[in-house]
Number of protein chains: 4
Amino acid sequence: MIKAGVLGATGMVGQRFIELLNDHPWFELSALAASERSAGKEYGDVAKWRLDTDIPVEINGLEVVLPDPKYVDADIVFSALPSDVAKEVEPKFAEAGCIVASNAAAYRMEEDVPLLIPEVNADHLELVDRQKKNRGWDGFIVTNPNCTTIMMTLTLKPLAEFGIESVTIATMQAISGAGYSGVPSMAIVDNLVPFISGEEPKVETEPLKLLGAYDGSRIVDADFTISASCHRVAVIDGHTESIWVKMKDNPSPEEVKDAFSNFKGSIESPTAPDAPIMVRDELDRPQPRLDRGKGDGMSVTVGRIRKSRLEDQIMYIAVGHNTIRGAAGASVLNAELMVDRGYLHK
Amino acid sequence: MIKAGVLGATGMVGQRFIELLNDHPWFELSALAASERSAGKEYGDVAKWRLDTDIPVEINGLEVVLPDPKYVDADIVFSALPSDVAKEVEPKFAEAGCIVASNAAAYRMEEDVPLLIPEVNADHLELVDRQKKNRGWDGFIVTNPNCTTIMMTLTLKPLAEFGIESVTIATMQAISGAGYSGVPSMAIVDNLVPFISGEEPKVETEPLKLLGAYDGSRIVDADFTISASCHRVAVIDGHTESIWVKMKDNPSPEEVKDAFSNFKGSIESPTAPDAPIMVRDELDRPQPRLDRGKGDGMSVTVGRIRKSRLEDQIMYIAVGHNTIRGAAGASVLNAELMVDRGYLHK
Amino acid sequence: MIKAGVLGATGMVGQRFIELLNDHPWFELSALAASERSAGKEYGDVAKWRLDTDIPVEINGLEVVLPDPKYVDADIVFSALPSDVAKEVEPKFAEAGCIVASNAAAYRMEEDVPLLIPEVNADHLELVDRQKKNRGWDGFIVTNPNCTTIMMTLTLKPLAEFGIESVTIATMQAISGAGYSGVPSMAIVDNLVPFISGEEPKVETEPLKLLGAYDGSRIVDADFTISASCHRVAVIDGHTESIWVKMKDNPSPEEVKDAFSNFKGSIESPTAPDAPIMVRDELDRPQPRLDRGKGDGMSVTVGRIRKSRLEDQIMYIAVGHNTIRGAAGASVLNAELMVDRGYLHK
Amino acid sequence: MIKAGVLGATGMVGQRFIELLNDHPWFELSALAASERSAGKEYGDVAKWRLDTDIPVEINGLEVVLPDPKYVDADIVFSALPSDVAKEVEPKFAEAGCIVASNAAAYRMEEDVPLLIPEVNADHLELVDRQKKNRGWDGFIVTNPNCTTIMMTLTLKPLAEFGIESVTIATMQAISGAGYSGVPSMAIVDNLVPFISGEEPKVETEPLKLLGAYDGSRIVDADFTISASCHRVAVIDGHTESIWVKMKDNPSPEEVKDAFSNFKGSIESPTAPDAPIMVRDELDRPQPRLDRGKGDGMSVTVGRIRKSRLEDQIMYIAVGHNTIRGAAGASVLNAELMVDRGYLHK
């Protein structure tokens, strides 16, 4: 078994990491790290468990440590740290020879750091060799994209063959994306907030790196433009995205549907869903409460595939689970890819 | 005082009509009409009052009549009828010499029927002369657009000077838009529905008539394309619209903001808001719960005016009250315009 | 395998029956019955599947039949029929030799019909012998209580030893309890409704039969009084109950907690939870979203066990899943009890 | 005009104070005080305005000062301070000769501090003479009760004549009661929380002081017992209370209804509602969204008045606006009482 630590273990994404790694056939939870406020105490005493599953009994009594390689005994650490903390902490783990699978934004856009979705750009993983050499590290950092980016980019991948020219996206994002206390109820009951701090720039740039070409030494960004408007709505889990894609080949809705349905991932692993993209034919689907759990939260569900009145555009709706496929599950799937490709050994 | 009847008086839009017309300085409620199920009974016994204002005491005891000119004594009738009923009933009133101010979709796109927003296309009102002649009616029908169309078109009007080339719109619409029982709570708590039956075609066509030119005999539709994706969210009242506009002159966000701020309506009347468009500078506004009531529900609030990454596009968010500005208030404002222009006499 | 039919298969409780019976180790779904509107069509075409699990593939193509023993080939039928339909239909099945496990209210309070919660009054099942004799039926009807009654009565059972004298209960009930379209969203967003038609009388009487003594020929109702106030809140699934119990022995909160924790069910079967009552110590639990799924929806979770300022009263909060433990799961558990006690044979 | 300051002016109750005092015929806003974080800055820059009314223009540019009599020029200060801050700050104002109308809990239960609801115990105001003498202050402190207490106690006052013996209350409280950020949306969407820190003891004790008799020198608490269970639900504004009252005279529901309907307040003043208690006959009322605004938020609406199955108990539902009648409006009404009774001069 591979020893796995979780950095930022008490927050919502940290709890999802524990949920996914507990009973995982390849990994065993070896360390839970969090801030000074929690370190030295038992996990069950400092983490208020917010999931509707029960906290694993054996986790309850684990002592929380500081997010420092000195205290964390692990082959790989999953990072749910806030971006500013991640910036400091993650390199220390990589330097100490540990692999870092990070959900934080801090290093996503660095030239020698892979930003990965296994079904989209598994080959970018090779960047880590350059990263280790560049930085003189024994370990390395691998990142997954922003939650909203992941759902959208999974659906753009099978459309790349048609020649994507531009993407317009309006999102309706779940409150869990802001962390447990991120969205006050006063802000969202009988209301929505048409702004999410820092979100639109991520959604407009990360997919270009993800869909970019790895030429053996660097990533050449994909050459199209994305325009995003991001909104928060009163949904617990599950981001909904309304997407317009302009494509050179101007495919029909049927061709797009086939491309989605035939899309397969590049690995078979415990967390990889059978179908990364599930297509629904009902007029009023996908819906976040009904579809976020598909593929154990790892599939993206699409529907309403149709022609736009604006020339050469296809429109559709995508829904995915933001804290599973869009966060903790994304990092775990990246880790499974690393095992599959020999970067990490059972 | 002008005698005013309400057709479809028991539903949600009908209740808003009563709320707006009660104590109106120009109109007095003279008749409440509804279906056979309610006719012959007292209004207070058949209408379950759903507004947080109290039902006017003098309305409670009014006898509901059938929506037939025989029973409705009125100079003008406000129609909140379902579209299929409106198709049958509204012409009978016009034929009988009554003016019909209709919120129904049935006649909106007829060539000789004005589709009106006073601040946008008051001159289209002249079409009624042709309508009366064409059809041999003593009265006539005037319509207001779909709720979503109204908010959007009010904001497009001041942008017309920049040469609108295309519009992309994603909506987050309030549940009241579907009527009191239209959206089951099971469909919308911790959820959203990315589809509203019949909505997108209306939003994609009505604005072109509204922004079209009246050449003295007919409307020439505006020459641009709209692509709409419409979604229902857990908000009681207030539609939110995320809008991208491509314009020939490529105005800056500041120019667009000025155009919005300087936009004035063409009439002063009891229901006309001081500012048809209110601009907010906060990053996270407009929001439906906080902004739907602005201008007593008759103003549209816009914010987040910004450049899109897609060339020559401006993005912004608009919020308006769907059952006031988007329905009952729209018809009442049209009626006030008719008084102001001499089509209806106090 | 025992052949099982579902009556009222298209509604929400019907869908839960299908979810629970599909892959059940003892039962196989042999017939789905619904009203004339659906009969003769494929299930997947007439039932809009509302659960977040997928509809079982093999169910999709089943032809729906009328709820008549002529068309329903089954050893046992699970009834999710509306009460007035159940009144007509259920006796026909019993007469035809079929066992009816009913969630409907129609026969719950009949003298010779068992109202059953296996962990509470399994011995009442013997009433069916009298029922068959009385009515000259080859089959019989067994019922489960109202959803709200079930949660409360499960928690009252272990308190019976202390001599219950009175119970006061205020409920906060989930919208799914009213069926998919039962509660309009306009009624419940930013709101609650302090009334549920017909609910309070059921909650005030059914527990007395459930906790009554079977003397070999009839049930003698338990001798205490219940006062209930029932309210609907914006929760999808999971009823919350705030309960005061006055007991002759005046037990301490610790004694009550022990009674809850030590309470065991009387059967081991596929649907029976390990712990019918789970006790939580956190100050702010149980909560419906976090606790309704405990024991696969079959456990009731209690917390905040404390002394009331009113003499000799214990207060606590109980949460249970209203459409699983409180409806479909209740009937299935009753069916498993009948198998366990030899009334139904594998 | 009387000069009025607001302490804790940036929070939700502080904003309600500004809303109520702006354009008040007797008071003029003379100072806004808040913590060090805000002092010295313009109000519009530090207070995020959360109400759906607009922030008064003239307030926007006011400089916020520290809550210290040195900086606050006022005849009366309205305190929306947190209880621990109020404990320090309020006596300084009273010592400096200022009148303090406080919504904070800090001094509510002090022997020489009036806990006031004008319609309930206006005569307790005389306690301030003793308070000034006791403490050697030129000014004094007057408090209003907890929001939940106010609604309940207003309805208990007209029942006192029947001889109240005990009260059982289950509440469903609005999220605004916890302040803007008090309840995370993750805690309340598709959920409720059956616990509110510190609430039940207040609800169980404050009404006894309010309904107590003033014997010329002290308050003798009312002699009955209250048992409360308090719960938070997904409602923006408006607490709902399900109440059981046992009375010696065992009045009928009709007698109770008459007592409610005939109940009048003891003063006529700008904020005093025409009817402190409004009775509704519909089976499903009161409801918070529909009834919280009655009497401009100052009336309590009751309904479902009925006999309990438990002997000599009457049950009913009460709804009131928690941040108006239950907080800021309560303090303003107390201030108006002080003007009316000559303790404060225009």
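Me: How do H7(C) and H12(C) lie to each other, roughly parallel or roughly perpendicular?
Reply: In this predicted model, local features need pLDDT of at least 70, side-chain atom pairs count only at pLDDT 80 or more, and totals for chains, interfaces and linings use all residues. Residues are numbered from 1 along each chain as its sequence is written, and chains are lettered from A and ligands numbered from 1 in the order in which they are written. Helix H7 (residues 147-156) and helix H12 (residues 324-340) of chain C pack at an angle of about 95°, their axes 8 Å apart (axes are lines fitted to C-alpha atoms, for helices over the stretch in contact, and angles run from 0 to 180 degrees between N-to-C directions). Angles under 35 degrees count as roughly parallel, over 145 as roughly antiparallel, 65 to 115 as roughly perpendicular and the rest as oblique, so H7(C) and H12(C) are roughly perpendicular.

Me: Which residues of H12(C) make the contact with H7(C)?
Reply: Two residues are in contact if their C-beta atoms, placed from the backbone, lie within 7 Å. H7(C) contributes Cys147(C), Ile150(C) and Met151(C). From H12(C) come Arg325(C), Gly326(C), Ala327(C) and Ala330(C).

Me: Which strands stand at the edges of the sheet in chain D?
Reply: Helices (H or I, at least four residues) and strands (E, at least two) are DSSP runs, numbered from the N terminus, and two strands pair if DSSP finds at least two bridges between them. Six strands of chain D form an open sheet with parallel pairing, in the order E3-E2-E1-E4-E5-E6. Two of them have a single partner strand each, so one side of each is left without a neighbour in the sheet: E3 (64-65) and E6 (140-143) of chain D.

Me: Which residue in E4(D) does Gly5(D) stand opposite?
Reply: Strand E1 (residues 2-7) and strand E4 (residues 76-79) of chain D run parallel and are joined by four bridges. Opposite Gly5(D) stands Val77(D).

Me: What ipTM does the predictor give the complex?
Reply: The pTM of the complex is 0.96. The predictor's ipTM is 0.95.
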